Amino acid sequence: MSSDIQIPENLSDEEKYIELNKTASVFFAEADPLITQMSNFAALLKQSFEKISWVGFYLYNGERLILGPFQGKVACTAIALGKGVCGTAAVTKETQVVPNVHEFPGHIACDSGSNSEIVIPILTGTGLFGVLDLDSYKFNAFDDTDKKYLEELMRQFAELVSGSDTRKLY
Ligand code: SME
(Lines give C-alpha, C1' and ligand atoms only; values in the text may rest on other atoms or scores of the structure.)
Protein backbone atom coordinates (compact mmCIF):
# COMPACT_ATOMS: atom_id res chain seq x y z
CA MET A 1 0.00 0.00 0.00
CA SER A 2 1.36 3.36 -1.05
CA SER A 3 2.04 5.83 1.73
CA ASP A 4 1.49 8.94 -0.38
CA ILE A 5 -2.30 8.77 -0.53
CA GLN A 6 -3.69 12.28 -0.40
CA ILE A 7 -7.32 13.25 -0.82
CA PRO A 8 -7.53 16.69 -2.48
CA GLU A 9 -8.25 19.46 0.02
CA ASN A 10 -10.69 21.28 -2.32
CA LEU A 11 -13.30 18.48 -2.35
CA SER A 12 -16.52 18.66 -0.33
CA ASP A 13 -16.75 16.35 2.70
CA GLU A 14 -19.04 14.02 0.74
CA GLU A 15 -16.60 13.85 -2.20
CA LYS A 16 -13.75 13.20 0.25
CA TYR A 17 -15.67 10.29 1.82
CA ILE A 18 -16.33 8.78 -1.63
CA GLU A 19 -12.57 8.92 -2.42
CA LEU A 20 -11.67 7.73 1.06
CA ASN A 21 -14.07 4.80 0.75
CA LYS A 22 -12.22 3.63 -2.39
CA THR A 23 -8.87 3.75 -0.57
CA ALA A 24 -10.25 2.11 2.57
CA SER A 25 -11.82 -0.67 0.47
CA VAL A 26 -8.36 -1.37 -0.97
CA PHE A 27 -6.71 -1.68 2.37
CA PHE A 28 -9.59 -3.57 3.92
CA ALA A 29 -9.14 -6.03 1.02
CA GLU A 30 -5.49 -6.60 1.96
CA ALA A 31 -4.72 -9.41 4.36
CA ASP A 32 -3.16 -7.23 7.06
CA PRO A 33 -4.11 -7.80 10.70
CA LEU A 34 -6.85 -5.64 12.25
CA ILE A 35 -4.44 -3.47 14.22
CA THR A 36 -2.72 -2.55 10.94
CA GLN A 37 -6.04 -1.78 9.24
CA MET A 38 -7.16 0.39 12.15
CA SER A 39 -3.85 2.27 12.30
CA ASN A 40 -3.85 3.19 8.62
CA PHE A 41 -7.57 3.93 8.66
CA ALA A 42 -7.10 6.44 11.50
CA ALA A 43 -4.21 8.05 9.60
CA LEU A 44 -6.24 8.18 6.38
CA LEU A 45 -9.09 10.02 8.12
CA LYS A 46 -6.78 12.42 9.98
CA GLN A 47 -4.88 13.38 6.84
CA SER A 48 -8.07 13.79 4.78
CA PHE A 49 -10.04 16.17 7.02
CA GLU A 50 -8.54 19.30 8.52
CA LYS A 51 -11.51 19.53 10.91
CA ILE A 52 -10.44 16.37 12.77
CA SER A 53 -8.28 17.04 15.85
CA TRP A 54 -8.28 13.42 17.05
CA VAL A 55 -9.45 10.14 15.54
CA GLY A 56 -9.09 6.67 16.89
CA PHE A 57 -10.52 3.40 18.03
CA TYR A 58 -11.59 2.27 21.49
CA LEU A 59 -11.84 -1.52 21.65
CA TYR A 60 -14.21 -3.47 23.89
CA ASN A 61 -12.34 -5.99 26.02
CA GLY A 62 -15.47 -7.57 27.49
CA GLU A 63 -15.49 -5.14 30.39
CA ARG A 64 -14.72 -1.62 29.13
CA LEU A 65 -13.37 0.35 26.16
CA ILE A 66 -9.58 0.37 25.81
CA LEU A 67 -7.62 2.89 23.72
CA GLY A 68 -6.63 1.44 20.35
CA PRO A 69 -4.88 2.83 17.25
CA PHE A 70 -5.32 6.58 16.93
CA GLN A 71 -3.97 9.83 15.51
CA GLY A 72 -3.77 12.92 17.67
CA LYS A 73 -2.82 13.90 21.19
CA VAL A 74 -2.34 11.44 24.06
CA ALA A 75 -5.80 10.24 25.13
CA CYS A 76 -7.73 8.57 27.97
CA THR A 77 -6.73 4.90 28.09
CA ALA A 78 -9.99 3.34 29.28
CA ILE A 79 -13.68 4.30 29.22
CA ALA A 80 -16.43 2.54 31.17
CA LEU A 81 -19.53 1.42 29.27
CA GLY A 82 -22.20 4.11 29.51
CA LYS A 83 -19.66 6.84 30.28
CA GLY A 84 -18.90 9.75 27.98
CA VAL A 85 -19.80 9.88 24.31
CA CYS A 86 -17.85 6.69 23.54
CA GLY A 87 -19.42 4.69 26.37
CA THR A 88 -22.89 5.95 25.34
CA ALA A 89 -22.36 4.85 21.70
CA ALA A 90 -21.16 1.46 22.98
CA VAL A 91 -24.23 0.89 25.16
CA THR A 92 -26.89 2.31 22.85
CA LYS A 93 -25.21 0.83 19.74
CA GLU A 94 -26.19 4.08 18.02
CA THR A 95 -23.91 6.70 16.47
CA GLN A 96 -23.59 9.77 18.68
CA VAL A 97 -23.28 13.10 16.87
CA VAL A 98 -22.44 15.80 19.42
CA PRO A 99 -22.34 19.38 18.06
CA ASN A 100 -21.20 20.82 21.41
CA VAL A 101 -19.46 18.41 23.78
CA HIS A 102 -19.80 20.86 26.68
CA GLU A 103 -23.55 20.20 26.60
CA PHE A 104 -23.21 16.39 26.58
CA PRO A 105 -23.79 15.01 30.09
CA GLY A 106 -20.68 13.11 31.24
CA HIS A 107 -18.53 14.03 28.25
CA ILE A 108 -14.93 12.93 28.93
CA ALA A 109 -12.52 15.74 27.98
CA CYS A 110 -9.25 14.03 26.99
CA ASP A 111 -8.29 17.25 25.18
CA SER A 112 -9.84 20.43 26.61
CA GLY A 113 -9.67 22.02 23.13
CA SER A 114 -12.25 19.60 21.75
CA ASN A 115 -15.67 21.15 21.00
CA SER A 116 -17.58 18.58 18.93
CA GLU A 117 -17.46 14.85 18.42
CA ILE A 118 -18.91 11.86 16.57
CA VAL A 119 -18.70 8.26 17.78
CA ILE A 120 -19.66 5.26 15.66
CA PRO A 121 -20.18 1.84 17.28
CA ILE A 122 -18.53 -1.11 15.53
CA LEU A 123 -20.89 -4.07 15.69
CA THR A 124 -20.05 -7.58 14.55
CA GLY A 125 -22.18 -10.70 14.35
CA THR A 126 -21.20 -11.50 17.93
CA GLY A 127 -21.71 -8.03 19.40
CA LEU A 128 -19.70 -4.95 20.22
CA PHE A 129 -16.11 -4.82 18.87
CA GLY A 130 -15.47 -1.19 19.81
CA VAL A 131 -16.11 2.36 18.65
CA LEU A 132 -14.56 4.85 16.24
CA ASP A 133 -14.22 8.30 17.83
CA LEU A 134 -13.60 11.60 15.99
CA ASP A 135 -13.08 14.94 17.73
CA SER A 136 -12.86 18.49 16.43
CA TYR A 137 -11.80 21.86 17.82
CA LYS A 138 -14.69 23.32 15.79
CA PHE A 139 -18.24 23.33 17.10
CA ASN A 140 -20.75 21.37 15.01
CA ALA A 141 -18.00 19.80 12.85
CA PHE A 142 -19.87 16.55 12.15
CA ASP A 143 -23.27 16.01 10.51
CA ASP A 144 -25.39 13.44 8.72
CA THR A 145 -22.84 13.16 5.88
CA ASP A 146 -20.11 12.11 8.34
CA LYS A 147 -22.58 9.76 10.06
CA LYS A 148 -23.68 8.09 6.80
CA TYR A 149 -20.18 7.48 5.40
CA LEU A 150 -18.47 6.60 8.69
CA GLU A 151 -21.22 4.10 9.49
CA GLU A 152 -20.76 2.55 6.04
CA LEU A 153 -16.98 2.37 6.53
CA MET A 154 -17.40 0.76 9.95
CA ARG A 155 -19.84 -1.77 8.46
CA GLN A 156 -17.10 -2.72 5.98
CA PHE A 157 -14.52 -2.91 8.78
CA ALA A 158 -16.86 -5.02 10.95
CA GLU A 159 -17.04 -7.54 8.11
CA LEU A 160 -13.28 -8.04 8.42
CA VAL A 161 -13.71 -8.72 12.12
CA SER A 162 -16.58 -11.17 11.79
CA GLY A 163 -16.42 -12.26 8.15
CA SER A 164 -15.33 -15.50 6.56
CA ASP A 165 -11.68 -14.32 6.43
CA THR A 166 -11.63 -13.44 10.13
CA ARG A 167 -8.48 -11.40 10.78
CA LYS A 168 -6.13 -11.62 13.69
CA LEU A 169 -5.76 -8.50 15.81
CA TYR A 170 -2.00 -8.37 15.07
N1 SME B 1 -14.57 12.48 24.51
C2 SME B 1 -14.67 11.05 24.59
C3 SME B 1 -13.46 10.44 25.24
C4 SME B 1 -12.41 10.03 24.29
S5 SME B 1 -11.52 11.31 23.66
O6 SME B 1 -12.36 12.25 22.96
C7 SME B 1 -10.25 10.81 22.69
C8 SME B 1 -15.93 10.66 25.36
O9 SME B 1 -16.59 11.50 25.96
O10 SME B 1 -16.24 9.47 25.36
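Me: Which strand does W54 lie in?
Reply: W54 lies in β1, a strand of residues 54-60. Strands (E, at least two residues) are DSSP runs, as are helices (H or I, at least four), numbered from the N terminus.

Me: What kind of model is this?
Reply: The model is predicted, so local features need pLDDT of at least 70 and side-chain atom pairs count only at pLDDT 80 or more, while totals for chains, interfaces and linings use all residues. Residues are numbered from 1 along each chain as its sequence is written, and side-chain values use heavy atoms, with hydrogens and water left out.

Me: Back to W54: buried or exposed?
Reply: W54 counts as buried because its relative accessibility is 7%. Buried means under 20% relative accessible area, exposed over 50%, and partly exposed in between (1.4 Å probe, protein chains only).

Me: What does W54 touch?
Reply: Leaving out residues up to four places away in sequence, the contacts of W54 include K46, L67, F70, A75 and L134. Contact means heavy atoms within 4.5 Å. The C-alpha atoms of W54 and A75 are separated by 9.0 Å, and the two residues are 21 residues apart along the chain.

Me: New topic. In what order do the strands of the sheet come?
Reply: The order is β3-β2-β1-β6-β5-β4, an open sheet of 6 strands with antiparallel pairing. Two strands pair if DSSP finds at least two bridges between them.

Me: Which strands stand at the edges?
Reply: β3 (78-80) and β4 (96-98) do; each has a single partner strand, so one side of each is left without a neighbour in the sheet.

Me: How many bridges join β5 to β6?
Reply: There are 9 bridges between β5 (residues 116-124) and β6 (residues 127-136). S116 stands opposite S136 in β6.
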